[in-house]
Amino acid sequence: MSNVKYIGVFGKRNSGKSSLINKLTGQEIAIVSEVPGTTTDPVRKRMEIFGLGPVVIIDTAGIDDEGNLGKRRVESSRKIISQIDIALLLFTNNTIDKYEKELLKSFRDQELPVLLVHNQSDIISLEEKVATAIKEKYGHEVIEFSCNIFDESEQQKLVEVLTSHIVKKLNETAFSQMTILEGLVEKDYNIVLVCPVDSEAPEGRLILPQVNAIRDVLDKGGNAIVLQPGNLGSYLKSAAVKPKLVVTDSQAFNEVSKIVPEDIPLTGFSLLLARSKGPFVHYLKGTRAIDNLKEGDKLLILESCSHHSNCEDIGRVKLPALISKKCDCRIEWDVISGLDSLPHKIEEYAMVIQCGGCMITGRQLSARLKPAIIAGIPVSNYGMALAYCTGIFERAVAPLTVTENIQDQN
Ligand SMILES: Nc1nc2c(ncn2[C@@H]2O[C@H](COP(=O)(O)OP(=O)(O)OP(=O)(O)O)[C@@H](O)[C@H]2O)c(=O)[nH]1
Ligand SMILES: [Mg+2]
C-alpha cells in the first residue's frame, strides 16, 4: 500500500507557487519567472519531509489562466485535486477572490485538507483582520510566507514553520485505513494464509497483501500459518486447534473451499484488500448489481496505475469476459488508466469497477469513486467482481460482514 503523501500547490498565476516549491525542496526544480503562466503542466517532485516520510509535491498552472490553452491548463490543475492528500492554496495581497473561492469549494467537496498560505508577505504583509475573516468564514488558519527573504536562516525558519503545518495537518486528518485483518485476528488466533507459489507468483517473494497479512497477525499476537494449497488438507487434519480464519489467494479459492470445512471462515486476500482500502459497503452492494446488467450496458473500468501491470489483463480482458458470461449478455466497457478523474457523463455507465488500488492512497481511491457513488451507480472492485463471477463471493465475504469493524470510507 502506498504511504507516499501527495501535496498539491495551487493559486493564481505569479502568486509564487513554483518559488515556494523550490524553497520547500531546497532545489531549483520549478521554473520561476515574472511572466504570468510560466508553469503550464503539473510538475511533480518527490522529496522526504521529516516526520512525514516520502511526499510528492505537485506544482500546478495558475488557476486564473485565460484563453483556450489557459482553460485547458486550469482543467489539468483541477484534475490534481482528486490525486492529493493536502492542498496548499497560495494567495497574495490579502485578496481572496472568485478563483480562490471556487478552489476552496472544490477542496471542501472532496473533504481535502487545506493550508492557506499568504505569499509575498515581504511586499505586502498579511493583515490581521483578513486572517480573522478567513478563519471565521472558511475555518482555515492563514500561514504568512515569503519566498524572498534575504537572510537564509530566516528563510529556512519560514520553510520549517510551513513544513510543520503540513505535517500537523496531514497527521490530524490522516485518512483512516483499516489494517488488512482488522477485527479478524486477536491474540493467539490461528490464521491460515494460503499462498500458492506457482508460475504466476513473483520470483523469490510474496505479494504485498500476503506480507501485510502476516505482519498484521504478528502485530496482534496471533499465529500465522503460511502454506501452499497442497499442504492445507493435511494441516487441517492434524491441527489441534481449529483455525479462526483461512485466507487464500483468490485464484485458488475453488480448490481451497473444497478442503476447508464450512464451519471454518474462509476469505480471499483481494477481498481483504478491498475491505481495508475503499468504500467496502458500496462495493458489497454494488458487486451484486452485476446480476442486473443487460445487453449493451457499459462498464467503466478504473485502473489506477499508468504503468504496465498484470492487473491490465484482469481489467481489460478477464473481467469483462467473465461479467458478460455471468449475466449472459454482451456488455461494453471503457477503461480509464492512471489518476484521471471520472468522465463528466458518468450516468452513461451501468457500473464502475475499480482496480485494487495498490499504488494509490485510500483517500485517492475514495475521491475517485465518489462521483459514481453520488450518482447512484453501483461500484465494485476487481477482486470482488472476480469473486462474484466465479461464484465464491458469498462465502468469501461472509467473514468480513460479521465483524463490527466495517468502515464506510467514502
Ligand atoms: N518579492 C517576492 N517575490 C516573489 C515571491 N514569490 C515569488 N515571487 C516572484 O514572483 C514571480 C512569480 O513567481 P513564480 O514562482 O513563477 O509564480 P507561479 O505562481 O509559479 O506562477 P505561474 O507558474 O506563472 O502560475 C517571480 O518573479 C518570483 O521571483 C515572494 O514571496 N516575494
Ligand atoms: Mg509556476
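This is a predicted model: local features need pLDDT of at least 70, side-chain atom pairs count only at pLDDT 80 or more; totals for chains, interfaces and linings use all residues.
**Ground rules.** I number residues from 1 along each chain as its sequence is written, and chains are lettered from A and ligands numbered from 1 in written order. Local features need pLDDT of at least 70, side-chain atom pairs count only at pLDDT 80 or more, totals for chains, interfaces and linings use all residues, and side-chain values use heavy atoms, without hydrogens and water.

**Cysteines.** I looked for disulfides (a pair of cysteine sulfur atoms within 2.5 Å) and got 0. I then checked burial (buried is under 20% relative accessible area, exposed over 50%, partly exposed in between; 1.4 Å probe, protein chains only). C327 is buried at 14%, and C329 is buried at 11%.

**Magnesium.** What holds the magnesium ion (ligand 2)? I found S18 (OG) and T39 (OG1) coordinating it at 2.0 to 2.1 Å. Donors are N, O and S atoms within 2.8 Å of the metal (3.2 Å for Na, K and Ca), and water is not among the atoms, so the site may look incomplete. S18 sits in helix α1 (residues 17-25) and T39 in the loop between α1 and β2 (43-49), so the pair ties together parts 21 residues apart in sequence. Helices (H or I, at least four residues) and strands (E, at least two) are DSSP runs, numbered from the N terminus. Both S18 and T39 are buried.
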